[in-house]
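Reader: I would like to go through the labels used for this model and ask what each one rests on.

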Amino acid sequence: MSRSRPTLRLRLWQRLFIAFAVLSGAVLLGFLAWQQHAFRGAFLDYVDAVALQRLAPVAERLAAAHAEHGDWQFLRDAPRRLGEFVDPGHWHAHPRDDDGPPPPPRDAAPPPGDAAPAGREPRHPPRGPPDLMPRLLLVDAQGERVAGNPRVPDDAPSVAVVSGGRTIGRLRLARQPELGDAIDTAFARAQARDAAIAGFAILALALPLAFALARRLLAPVRALAEATRALADGDYERRVGIARNDELGDLAGDFDHLAQTLERNRAARREWGADIAHELRTPLAVLRGEVQALQDGVRAPTPAAFDSLQAECERLAGLVEDLYQLALADAGALEYRFEPLDFAELVQQAAAMQVAGCADAGLALELPAASRMPVRGDARRLGQLVDNLLANARRHTASPGRIRLTLSARDGGARLVVDDTPPGVPPDALPKLFDRLYRVDAARSRAHGGAGLGLAICRAIADAHGGRIDAAASPLGGLRIAVELPLATEERA
């Protein structure tokens, strides 16, 4: 049975290094190719410029000859005499033959079959610089050919032949097609060799730098990976602590913020569990004690005893229901049936049902008077919000006292404000009032306390309706709770 070979797994820094190396090599090779191409073109331009400079004295000699003969007919009759003006020293050292074929370039071997017999000079000795004559053309003032290579293009660089202040002709020089001279070729090869050596030296220096750069760039990534594994194992105290002014620094900061949030949530979850256990333990302990007292005969089974048991059961049932409502709100499963309704009418109806209870507690409830406030919401949940706010105010307002409800419409929203008389809430406790199971006085009696879930449920209901709820000090000396809901556009029939 054949075994599958394990695939080669490259780490990210290795891939980054390979990418740097390939990119550096490709860029370097492209630069060398471009440099050589540019060098050859520039060198050919330089050779042509030097050749044009060499033609300046040739133009002067041609101008003198033209002035002597009066026209160009002397060259039209003997076009090979052009070489006499290009290189007069070489021309006069070797007699010319105007009737023979063009002489071969200097230092060039004679073509096969044309070699001169032994002991005898070649009939047509070489004349003129070999890099000029094949590329040279003399034309008159009208651009007509006088002598030279007729295939030289009209737009080739040229030197004017001037006599008596007027141009009598031009020497056109075709561009050098390639490096043909041995010295020029050797120089070009030396330049290519030096460029290649420099390129390899640069690449040899770039690769270690790319290696170090890849390792350095991905060091924060390795730290983030290790911290992520620690976080997955439950180590919420782990921090990356990378201070960088780039995206990796931002990522490290976000990771530390995430770890801090998870640590805070874990602590809150532990406190939440402990608080729930405490809240459930208290009514259960009371129930257990009263039932045990009835069983042992310590307490008589009177209606008052059963009423006490019923009150504790209702308290326990209310706590469980509140916890269930919060769990549904966290899961986004709290049921809402949104419909157009009048928020002012809903608040007045809910508050009217609390007047008797407030009066029994020695509190005066001031009902709001406001015009129609159309909102889109769940009437049952909004009624629960008003009931919780009034219950919280009734529970924590000293008797005699009063509770005032105010309704107003502003900035496109409906605003409900619940104010009560002392005692108030410390300023540092105001932002925590809507936290679950939070109590300003943890040691207060159960008769004045409650589970600390009512305001948390109010915040969940307000958030579900796209509104907000805030706490502040009341002008009446107690607590002010303000609820804002977005107004709905009334549809016209």
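Reader: Which residues of H12 are buried?

Author: The model is predicted. In H12 the buried residues are Leu455, Ala456, Ile457, Cys458, Ile461 and Ala462.

Reader: Which residues of H11 and H12 meet?

Author: On the H11 side they are Arg381, Leu382, Gln384, Leu385, Asn388, Leu389 and Asn392. On the H12 side they are Gly454, Leu455, Ile457, Cys458, Ile461 and Ala462. Sorted by class, this contact of H11 with H12 holds eight nonpolar, four polar and one charged residues. Leu455, Ile457, Cys458, Ile461 and Ala462 belong to this contact and are also among the buried residues of H12.

Reader: Why are H11 and H12 called roughly antiparallel?

Author: The axes of H11 (residues 379-395) and H12 (residues 454-464) cross at roughly 150°. Angles over 145 degrees count as roughly antiparallel, and H11 and H12 therefore take that label. Their axes come within 9 Å, and the crossing of H11 past H12 is left-handed.

Reader: Which residues make the contact of H9 with H11?

Author: From H9 there are Phe343, Leu346, Val347, Ala350 and Ala351. From H11 there are Ala379, Leu382, Gly383, Val386, Asp387 and Leu390. By class, the contact of H9 with H11 has nine nonpolar, one polar and one charged residues. Leu382 of H11 meets H9 and is also listed in the contact with H12.

Reader: Is Gln36 buried or exposed, and how do you know?

Author: Gln36 lies in H1 (residues 12-69). Buried means under 20% relative accessible area; Gln36 has 17% and therefore counts as buried. Gln36 and Gln191 are 155 residues apart in sequence, with 8.2 Å between their C-alpha atoms.

Reader: What makes Ala293 a buried residue?

Author: Ala293 has 18% relative accessibility and so counts as buried, the limit being under 20%. Ala293 sits in H7 (residues 247-296). Leaving aside residues up to four places away in sequence, Ala293 touches Val298 and Arg299. Ala293 and Ala305 are 12 residues apart in sequence and 10.0 Å apart in space, C-alpha to C-alpha.

Reader: Why is Gln310 called partly exposed?

Author: The relative accessible area of Gln310 is 42%. Buried is under 20% and exposed is over 50%, with partly exposed in between, so Gln310 is partly exposed. Gln310 belongs to H8 (residues 303-331). Gln310 and Leu287 are 23 residues apart in sequence, and their C-alpha atoms are 9.3 Å apart.

Reader: How do you know that Asp411 is exposed?

Author: The relative accessible area of Asp411 is 81%. Exposed means over 50%, so Asp411 is exposed. Asp411 is in the loop between S8 and S9.

Reader: What is the phi of Asp411?

Author: Phi of Asp411 is near 55°, a positive value in a residue other than glycine. Gly466, which follows H12, also has a positive phi, near 75°.

Reader: Which peptide bonds are described as cis?

Author: The bond from Ser399 to Pro400 is cis, with omega near -5°. Pro400 lies in the loop between H11 and S8 (401-410). The bond joining Pro422 and Pro423 is cis too, and its omega is about 5°. Pro423 lies in the loop between S9 (413-420) and H12.

Reader: What are the totals for the protein chain?

Author: The protein chain has 12 helices and 11 strands. Of its 493 residues, 35% are buried. The accessible surface of the chain comes to about 29600 Å², and 55% of that belongs to carbon and sulfur atoms. Among contacts between residues at least 6 apart in sequence, 67% join residues at least 24 apart.

Key. Residues numbered from 1 in each chain as written. Predicted model: local features only at pLDDT ≥ 70, side-chain atom pairs only at ≥ 80, totals over all residues. Heavy atoms only, no water. Axes fitted to C-alpha atoms, helices over the stretch in contact; angles between N-to-C directions. Helix = DSSP H or I, 4+ residues; strand = E, 2+ residues; numbered from the N terminus. Parallel < 35°, antiparallel > 145°, perpendicular 65-115°, else oblique. Left-handed = near helix turned anticlockwise from the far one by under 90°. Contact = heavy atoms within 4.5 Å. Nonpolar A, V, L, I, M, F, W, Y, C, P; charged D, E, K, R; others polar. Buried < 20%, exposed > 50% of the residue type's maximum accessible area, 1.4 Å probe, protein only. Areas by Shrake-Rupley, 256 points an atom, 1.4 Å probe, with all protein chains shown as cover.
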